[in-house]
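Student: I have a new structure to read. Can you take me through it one feature at a time?
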Amino acid sequence: MSAAGLVFAVQGVNPWTALWKIFGGSFCRSFGFFETMTKAIPLILISAGLSIAFRARFWNIGAEGQLLFGCILATGVGLHSSSLPSYCVLPLMFLAGATGGALWGTLPALLREKYRVNEVISTLMLNYIAAEAVQYLIYGPWKGKTQWGFPYTDNFPPAASLPVIPGTRIHWLTLLIGLVMACAAYFLLERSSMGFEIRVSGENPEAARRSGISPLRVSLLVMGLSGGLAGLAGTGELCGVHHHLTYPWAISSGYGFTAIIVAWMAMLNPLWCIPVSLLFAGLLVGGDAIQTSLGLPFATVNVFNGAILFFLMLAEFFRENKISLKRSASAGA
Amino acid sequence: MNIFKTSCITAMILSAALSCGCGKPQPPVKSPSTAAGVPAPTAATSEQQQVRKFKAGLIYVGPVGDYGWSNAHELARLQVMKKIPWLQSIVVESVPEADSARVIDRLILEEKCDAVFTTSFGYMDATVDAAKRYPNKLFMHCSGYKREKNLGTYFAELYETYYLCGLMAGALSKTGKIGYVGAHPIPEVVRHINAFAIGIREINPEAKLSVKWLFSWYDPAKAKEAAEALVAEGCDAISFTEDSPAVIQVGEAHTNAGKPVYTFSHYSAMLKFGENSVVSGQLVDWTGMYEKTLSAMHTGTWQSEDLWWLLKEGAAVLGADFRQTINYRHIDMLKGVTREIEGFGAINAYDLVNKRLDQMKADPRSFDPFTGPIKDQTGAIRIPEGHVADHDALWSMDWFVEGVEGRTSQ
């Protein structure tokens with residue numbers, strides 16, 4: 001914390017003022033808090049999913065791509081939904097989003113179990129493929145007729161818009177889905193036999209194999225769930241915030257990567273992902289408060305976030321490992 | 001156990017941040033709502049009685065330190081701040097499109113801004129919503145087309161300047177192959193490429209303009225790669241839309257190695273990155289526009305309108321930097337290229353550029369690069385003889401003129 005404070009002190013701003021601005025701006029003011037909630041929605045969904053995958057020691061770095069591929073399928077439904085009855089547009093879009101994310105997630109699972117392809121590489125690379133696919137669609141076949149040649153798809157029909165809490169941008173349906181999914185993920189991991197299989201495969205793959213747990217089945221399962229939740233998060237962003245498909249970095253703004261940190265800080269416990277997501281969303285939202293009121297550059301916010309994370313990790317290390325100072329001389333420490 | 005400990009850490013950090021923030025209130029930080037302004041309102045009461053203060057908030061899509069778009073707005077803001085004593089301003093940089101609604105709210109509710117300027121096309125819908133939500137505040141959206149009673153639009157348009165650079169590229173190119181590194185295939189960039197191509201082909205009707213897309217506004221590595229690819233294809237003059245001097249550095253390296261590749265400054269003065277390669281360029285100066293708009297807002301005479309400023313208004317500027325319109329190293333070469341041009345007779349390229357520049361500075365209607373007949377890539381006439389492309393046609397342009405090699409979509 002003091003190092004983070006130093007970042008501000010160097011720029012001639014009282015660190016306490018800055019901290020008050022960040023957390024006050026995102027938690028204490030009603031509108032800041034609503035924005036924090038809005039930002040936390042995708043983080044909750046994705047980090048809960050990642051917790052499942054990480055518990056099975058499947059290093060899924062590809063939530064970003066899974067989110068985007070979910071968005072592609074959901075957009076496909078949204079753009080061609082005019083003939084559908086309005087009440088089934090949103091469920092279908094969410095279904096398509098989850099399916100897209102799950103498909104994009106199970107691909108590296110297959111690659112790992114069948115061809116021994118390292119999943120860190122494959123999930124990371126699939127992020128880029130999904131992003132390029134979105135770019136192709138928004139500049140090519142799906143470029144909107146009503147968007148003056150800009151790379152956005154046409155806006156979705158009103159039936160594909162998620163309701164928001166009036167006066168805020170919180171699409172509460174996705175929030176509800178997120179909370180339910182986080183709880184469901186917790187019960188799956190901690191209270192079901194399937195969760196037991198997942199945990200055993202993660203903690204002792206050899207024992208898992210000997211006791212007849214199929215690695216393929218577990219990998220497909222965790223990645224289907226992890227990707228599916230990322231796809232749901234993407235669909236929520238599409239229908240709740242953007243209402244059309246556009247540049248991949250505008251759709252996601254790095255949620256898939258931030259959620260990795262969130263999942264680890266929540267110690268891979270889906271329930272803990274909820275408050276940690278809120279904390280991180282608060283850091284993101286509070287970031288513009290210190291720009292507007294203290295006139296600090298944008299990069300300061302990132303440095304501050306990085307410092308907090310680094311020291312949290314450090315704290316974790318010292319908590320898990322006992323450090324003892326040894327001296328060769330007789331004097332004890 | 002684990003959970004408990006981490007929760008303690010998190011709670012400690014949160015409570016430390018909150019309690020210390022509240023426990024040691026700085027004089028101006030008693031409550032968040034009064035902590036808003038940098039200079040506290042009380043300090044200025046004596047001046048306030050004479051001149052009412054006016055607070056403007058600006059939202060940028062990129063970092064203020066880029067070499068292009070956001071930097072140009074920031075330079076103008078700093079200029080205007082120097083000129084106008086009653087102005088206060090706040091900037092928020094690197095705001096993602098999806099977050100713009102929140103930042104506008106914050107500027108108005110917490111910082112009590114009187115006017116908000118949003119400077120990216122992607123902020124359009126959020127700005128329109130905000131204008132409806134805060135009818136007593138004023139809004140200006142840069143590069144959009146939706147207006148309200150309290151929401152105007154503004155834009156500094158560069159197609160005339162691109163055309164003039166095209167004349168120079170056409171005159172200097174020996175290979176007849178000219179390159180363009182484009183950011184995104186959107187109408188603005190397509191229109192600029194077309195204007196550049198029209199200029200090139202007025203001097204050299206056989207010349208070809210090869211376009212490479214980056215799909216990014218800022219990506220120096222990709223821009224460098226694209227420029228190298230164009231040089232390898234035989235291009236010896238390259239223009240670009242990208243917020244870094246990467247293309248110019250490629251041109252300078254080849255020029256210094258004995259193989260001239262001519263380049264053009266884009267958006268900000270880039271001559272210093274390529275003393276031998278940069279010929280001229282399209283520059284932007286937003287100062288006048290901000291000064292005019294803010295003054296009108298302050299006196300209460302402002303009305304919602306669409307500001308579309310060109311060379312005449314001084315928003316678009318032709319130059320390798322703001323002092324040298326054309327790099328003196330290249331003037332003699334331009335004077336050595338003579339063509340028969342309707343209305344001027346036999347004229348060298350240097351004089352032609354200056355004559356056209358004077359024409360468009362005096363009155364954009366006296367000469368417009370997009371005057372028919374103009375054919376597209378297939379040879380079909382898009383702008384018939386005697387017609388000039390109007391605002392809407394320019395605004396939604398999604399086709400390339402004859403002589404451009406490349407596609408406007410993937």
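Student: In which helix is the place of Ala130(B)?

Tutor: This is a predicted model. Ala130(B) has its place in helix α5 of chain B, residues 124-133.

Student: Is Ala130(B) buried or exposed?

Tutor: Look at relative accessibility. Buried means under 20%. Ala130(B) has 1%, so Ala130(B) counts as buried.

Student: Which residues does Ala130(B) touch, leaving out those up to four places away in sequence?

Tutor: Ala130(B) touches Ile104(B) and Phe139(B). Ala130(B) and Val116(B) are 14 residues apart in sequence, and their C-alpha atoms are 9.7 Å apart.

Student: Val116(B) is in strand β3 of chain B. Which residues lie on each side of that strand?

Tutor: Strand β3(B) spans residues 115-118. Ala115(B) and Phe117(B) lie on one side, Val116(B) and Thr118(B) on the other. All four are buried, and both faces of the strand are covered.

Student: Which strand pairs with β3(B) over four bridges in the parallel sense?

Tutor: Strand β1 of chain B, residues 54-59, pairs with β3(B) in this way. Thr118(B) in β3(B) is the bridge partner of Ile59(B). Strand β4 of chain B, residues 138-142, also pairs with β3(B), in the parallel sense and over four bridges. There, Met140(B) in β4(B) is the bridge partner of Phe117(B).

Student: How does the chain cross from β3(B) to β4(B)?

Tutor: The path runs through α5(B). This β-α-β crossover is right-handed.

Student: Are Tyr152(A) and Phe121(B) buried or exposed?

Tutor: Tyr152(A) has 6% relative accessibility, so Tyr152(A) counts as buried. Phe121(B) is buried as well, with a relative accessible area of 9%.

Student: Which residues do ring pairs link into a cluster?

Tutor: Phe117(B), from strand β3(B), is in that cluster.

Student: Which residue lies over the face of Phe367(B)?

Tutor: That is Arg356(B), at 3.8 Å from the ring centre.

Definitions and conventions. Residues numbered from 1 in each chain as written. Chains lettered and ligands numbered in written order. Predicted model: local features only at pLDDT ≥ 70, side-chain atom pairs only at ≥ 80, totals over all residues. Heavy atoms only, no water. Helix = DSSP H or I, 4+ residues; strand = E, 2+ residues; numbered from the N terminus. Buried < 20%, exposed > 50% of the residue type's maximum accessible area, 1.4 Å probe, protein only. Contact = heavy atoms within 4.5 Å. Pairing = 2+ DSSP bridges. Right-handed = clockwise from strand over helix to strand, strands pointing away. Phe/Tyr/Trp six-rings, centres within 6.5 Å; stacked < 30°, edge-to-face > 60°. Lys NZ or Arg CZ within 6 Å of the ring centre and 35° of its normal.
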